[in-house]
Amino acid sequence: MKTKLSLILILGGFLVSATYAQNAVVKKYFDQYADNEAYTKVSVSSKAFSLMTELEPGSPEEKEFLTEISKLKGLKMIKADSVPGAGKTYGIAVKDVLSAGFEELMSVKDNDGNFLFAIKEKSGIIEELIMVGGSPNSFALVSLYGTIDLKSISKIASKLRVKGLEDLQKLNKKTGN
Amino acid sequence: MRLSFLILFLISAVYGRSQESVLKDLADTHSKRKLCFYPSTLRMLNINKDSLYDSTIKDVNKLLLYVLDSSAISDKVHRKIVQGYIDTSNWEEFTSIRMGKTAVDVLIKSENPPAYVGIASSDSAVFAFYLDGELKWKNLPTLQQTISDNPILSTLQLFDDNKPSRTRDKKPD
């Protein structure tokens, strides 16, 4: 009986910690910069995304976009355009992402700055996509979670028109999708 | 048997009241304007008989709109309202935005019917709403336009910033 209870408690603890770890990286930065007005923070839940599916599509392209959106469970973004030490924050965030078990998908270095794209995958399905971007004065961390199709990321990013998501389009430019 | 029904009724009454009481308790003490709409009053606003408007509001049971005074900013009412609902079971984040001094939070209670609480604040203004029921959110501009353009509401100067605020005695934290 005691062994069974211990096993349940351990299993429960593992499940709780696994769930926490999924967004722990983003949560860390949301908490860290909660009161810092220089950082823009956006959080959208699955319920908000599900409302978008109630919109009537005007074209097959919009229908495809709404279908992809409906598979998302959430979006979290934190971004700052003019902050000192952003380059250092980027370096720390990259380490945090890779330490949290995310697998590097791609890294980009261009005129806009450095970008890391990493994913968490389960049974061939991407459950979370994280993008970390940084330059000497700007920092961005974007997390999309749910059932993610990399081919549609660019369309989702452009349609949502949330300032800061445009960097996600680099993923498709590089992979040629 | 009768006693158990009475107890059940009392529990339901308390539980039902608690859904909007967090907002009311905090917003009422800082309220500059307050509008309360029930289905009949929402329908009354539709003086142009706009069928799109009617379909937008048909599942709304109650809508509270607050314009809060400047003391709501210094008293951090926004954060208190959000935390008050997060601490209550069945309420969860719908969307949250922080951009400079602007903060927007919308929370949802996913039950049947659902309920929403929203609060938006900047460095100069705080607005809050409580919605019990379902709104066709894609038609929100229609609702907004109808309320803003309504001649009855315009006559009452409910959105007149020159009207003195009605700050009651503040409750201790």
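## Aromatic pairs

Tyr29(A) counts as buried at 1% relative accessibility (buried means under 20% relative accessible area, with a 1.4 Å probe and protein chains only). Phe139(A), with a relative accessible area of 1%, is buried as well. This is a predicted model, in which local features need pLDDT of at least 70 and side-chain atom pairs count only at pLDDT 80 or more. Side-chain values use heavy atoms, without hydrogens and water.

Over all chains, the structure holds four aromatic pairs (rings of Phe, Tyr and Trp, the last by its six-membered ring, with centres within 6.5 Å; planes under 30 degrees apart are stacked, over 60 edge-to-face, the rest tilted). The ring centres of Tyr29(A) and Phe139(A) are 5.8 Å apart and the planes stand at 35°, so this pair is tilted. Because Tyr29(A) belongs to helix α1 of chain A and Phe139(A) to strand β6 (residues 139-148) of chain A, the pair ties together parts 110 residues apart in sequence. In chain B, the rings of Tyr85(B) and Trp91(B) have centres 4.7 Å apart and planes at 65°, so they form an edge-to-face pair. Tyr85(B) is buried at 0% relative accessibility, and Trp91(B) is buried with a relative accessible area of 6%.

## Charges over rings

Lys76(A) places its charged end over the ring of Phe30(A), 5.4 Å from the centre (NZ of Lys or CZ of Arg within 6 Å of the ring centre and within 35 degrees of the ring normal). The charged end of Lys120(A) sits over the ring of Phe102(A), at 4.8 Å from its centre.

## Confidence

Chain A has a mean pLDDT of 78, and 73% of its residues reach 70 or more (pLDDT is the predictor's confidence in each residue, from 0 to 100).

Key:
Residues numbered from 1 in each chain as written. Chains lettered and ligands numbered in written order. Helix = DSSP H or I, 4+ residues; strand = E, 2+ residues; numbered from the N terminus. Buried < 20%, exposed > 50% of the residue type's maximum accessible area, 1.4 Å probe, protein only.
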